[in-house]
Amino acid sequence: MASLDELWAKLSGAADCKSLLKKNLTQQIFDQLKGLKTKFGGTLAECIRSGCENTDSGVGCYAADPDAYNTFSELLDPIIRDYHKITDLEHPAPTFGDLDNLGFGNLDPSGDMIVSTRVRVGRSHASYGFPPVLTKEDRVAMENVTVEALQTLTGPLAGTYHPLTGMTKETQKELTDDHFLFNDSDRFLKAAGGYDDWPTGRGIFFNKDKNFLTWVNEEDHMRFISMEMGGDLAAVYTRLITAVKQMETKLTFAHHEKYGYLTFCPSNLGTTLRASVHIKIPKLAASPDFKSICDGLHLQARGIHGEHTESVGGVYDVSNKRRMGLTEIKAIQEMRNGVEEIIKREKAL
């Protein structure tokens, strides 16, 4: 494994590198941070390894653990401001809204345009580091604590945990067919230590209706996901927040007054909330102004198979763009207003 000095030399010599890491890690900041360690034993090398080994990264930086956001703030703060397009790092307190009175329901009651709706958030245990500083024993202990909490969920949220270790071919096929299964194929995450001890400590929890699931120790300690076919954003959001609030009575999540909820990647802080629809908008998407329309509505549109993929049959994955500097209810309302506007414009063409 390359030393910190070797990583720095590689990044310094990458003239074509356009990552936020390259832009913000100066010699002065490198010298200032290179000898520091976090409370969890995290180092600068663990934060920058992926971006130095993959000089085509967009961000190029991960946090070794929750305390890295304090210890290495001279590097991480400008990267966070840059990525999230914010000037002040003062994330508001979590506010999920009145779930009985959200003021919206199904964004597409006719069912003609929205194929499916999904809302997810990431959460981390306050008492554990992120992948680069974890031992195999840490991963297993953390998995046990998470699963114990998940198994207290009741009613429609109650479900079953499927560990990746020892998973049968049948379960593997079922989860792949349902698009539930995550894998170890992301080279950026791999270089950051995200797949160390794979598949130990990882797994998937889902309820009977398969409309609420939790990824355990994928990129983040926990990724809670609520989804269903159609456009009922209120039902999807309510299910997610109900589950997260119940989990919060059993676990302590890593949270910071400046950054909001803390996760492994600085691109996923604040609310960590991504609300998306798969929506049929072939006419609007063909318009030359499509990207600027989305930007104006604080939305991101991409192909349905994830970032950097093409649309299939005029169906796009449209989601909220802003995660930091606003509350959860504001983020979901922003997405709702944007999607309603996009539907209106598509119908007018």
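First, my burial cut-offs: buried means under 20% relative accessible area, exposed means over 50%, and partly exposed is in between (1.4 Å probe, protein chains only). This is a predicted model, so I kept local features to pLDDT of at least 70 and side-chain atom pairs to pLDDT 80 or more, while totals for chains, interfaces and linings use all residues. Residues are numbered from 1 along each chain as its sequence is written, and side-chain values use heavy atoms, with hydrogens and water left out.

**Entry: salt bridges.** I counted a salt bridge when a side-chain nitrogen of Lys or Arg sits within 4 Å of a carboxyl oxygen of Asp or Glu. Searching the whole structure gave me 18 of them.

I looked up aspartate 317 and found it paired with arginine 274, the closest N and O atoms being 2.6 Å apart. Aspartate 317 is in strand E10 (residues 315-320) and arginine 274 in strand E8 (residues 274-280), so this pair ties together parts 43 residues apart in sequence. Strands here are DSSP runs of E, at least two residues; helices are runs of H or I, at least four; both are numbered from the N terminus. Are the two partners buried or exposed? Aspartate 317 is buried at 5%, and arginine 274 is buried at 4%.

Next I checked aspartate 31, which bridges to lysine 34 with closest N and O atoms 3.6 Å apart. Aspartate 31 is partly exposed at 39%, and lysine 34 is partly exposed at 43%.

Glutamate 341 and lysine 344 also meet in a salt bridge, 3.5 Å from N to O. Both lie in helix H13 (residues 328-348), 3 residues apart, about one turn of the helix. Lysine 344 is exposed at 55%.

I also noted a network of salt bridges linking Glu174, Asp178 and Lys210.

**Entry: helix H6.** H6 (residues 73-84) has 12 residues and reaches 15 Å from first to last C-alpha, close to the 16 Å expected. That expectation is 1.5 Å times one less than the number of residues. Its buried residues include Leu75, Leu76, Ile79 and Ile80. I found the buried residues packing against helices H2 (20-24), H3 (27-33), H4 (44-53) and H5 (68-71), with contact meaning heavy atoms within 4.5 Å. Lysine 85 follows H6 and has a positive phi, near 55 degrees.

**Entry: glycine 155.** I placed glycine 155 in the loop between helix H7 (136-150) and strand E2 (159-163). Glycine 155 is exposed at 55%. Asparagine 207 is 52 residues away from glycine 155 in sequence and 9.4 Å away in space, C-alpha to C-alpha.
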